[in-house]
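Reader: Could you take me through a few features of this model, giving the general idea before each case?

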Amino acid sequence: MSLERKDDHDHGGWMKSRDLSPVEKGYLTVLIWLDRRLRIVDYLELMEDLYYKANLQMPKSHTEQYNLDNKFWYWYPLYALGSFSTLAYVVAAISGALLGFYYSPSTAAAGAEGELTVAYASITFIMTELNFGYLLRSLHRWSAQVMVAAVFLHMLRVYFTGAYKEPRELNWILGIVLISLTMVFGYTGYLLPWDQLAFWAGQIGVEMSLSIPLAGEWVAQLIFGGFSLSQSTLQRMYILHVFFLPFITTALIAIHIGIVWMQGIAEPH
Ligand code: HEM
């Protein structure tokens, strides 16, 4: 296909050639307007071409190859634990985004007594005063825990059905990265309420980092912002939890599912 500009696309002629409904006319007008400026039809054709080329190279599953009828595992709900992990992730992402409107990652004193921090007070506000706040936080915590369990069970099912074998090794390795990111999500989120559980879990993290030979101090500085817990620690956990991890994890889940889509789901060996 030529990549040269096609300013001479004859859009007008066939538009007039038959009666079009207002919806068709509107759709074509927008498409043509965009195509004149951004050549989107050419790019859509390129993507279509790429899609067919990629699919042609993919191995056929046993069922497809021999045209077997017995495809019960396609519908067996517990077989698709990956979808269950995805669902838990989506619920956690939506409830987390909503919690973000009310939570503040600050270790400053919240009241005159100076004992409560702003972070902890914002969680107390969500739990006791915000309409549906208790529900929102529970949804977030439960979906996060369900996700950890689902991802682990998904990994077991991939292992015991032999689905990690050729040609799916890359998706297995991507899966290892995903389960690690899921755990980092859990840890960074656990620290955010800045309560006693969070504080001591943070302390354990600092000490584990410091126990690393040679690079220990550097790692503690990098991840926790120092050797004891402070505002820098909470801020780092917050940015990791709400900024870095969501983008990276969402992109990797999309690639992971894209690979399953291209390769077809494995069948029990
Ligand atoms: C955030 C975590 C994860 C999500 C959201 C996820 C999602 C999915 C989905 C939706 C599928 C389609 C098939 C199915 O539903 O079972 C799948 C397949 C697969 N996953 Fe995951 N996954 C995750 C973690 C993992 C882990 C930890 C591993 C292993 C280390 C893994 C390895 C694989 C492999 C090899 C396949 C292909 C299996 C087949 O074709 O039968 N995934 N994943």
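Author: What follows treats a metal site, some aromatic pairs and a surface patch in turn. This is a predicted model, in which local features need pLDDT of at least 70 and side-chain atom pairs count only at pLDDT 80 or more, while totals for chains, interfaces and linings use all residues. Residues are numbered from 1 along each chain as its sequence is written, and side-chain values use heavy atoms, with hydrogens and water left out.

Reader: Which residues coordinate the iron atom of the ligand?

Author: Donors are N, O and S atoms within 2.8 Å of the metal (3.2 Å for Na, K and Ca), and since water is not among the atoms, sites may look incomplete. Here His154 (NE2) and His256 (NE2) coordinate the iron atom of the ligand at 2.0 to 2.1 Å. His154 belongs to helix α7 and His256 to helix α11 (residues 231-263), 102 residues apart, so that the pair links distant parts of the chain; helices are DSSP runs (H or I, at least four residues), numbered from the N terminus.

Reader: Are His154 and His256 buried or exposed?

Author: Buried means under 20% relative accessible area, exposed over 50%, and partly exposed in between (1.4 Å probe, protein chains only). Both His154 and His256 are buried.

Reader: How is a pair of aromatic rings described?

Author: The description uses the distance of the centres and the angle of the planes. Rings of Phe, Tyr and Trp (its six-membered ring) pair if their centres lie within 6.5 Å, and planes under 30 degrees apart count as stacked, over 60 as edge-to-face and the rest as tilted. By this rule there are 12 aromatic pairs. One of them joins Tyr187 and Phe224, edge-to-face at 6.5 Å centre to centre with 85° between the planes. Tyr187 is partly exposed, with a relative accessible area of 28%, whereas Phe224, at 3%, counts as buried.

Reader: Which residues form the nonpolar patch on the surface?

Author: Patches are made of residues with over 30% relative accessible area and no salt bridge, with like charges joined within 9 Å and nonpolar side chains (Val, Leu, Ile, Met, Phe, Trp, Tyr) within 5 Å; a salt bridge is a side-chain nitrogen of Lys or Arg within 4 Å of a carboxyl oxygen of Asp or Glu. In this structure Phe84, Leu87, Val91, Phe132, Leu135, Leu139, Trp142 and Val146 form the patch, with about 830 Å² of accessible area together. Helix α7 gives the most to the nonpolar patch, with four residues, while Phe132 lies in the loop between α6 (118-128) and α7.

Key
Accessible areas come from the Shrake-Rupley method with a 1.4 Å probe; for residues, only the protein chains shown count as cover. Helices (H or I, at least four residues) and strands (E, at least two) are DSSP runs, numbered from the N terminus.
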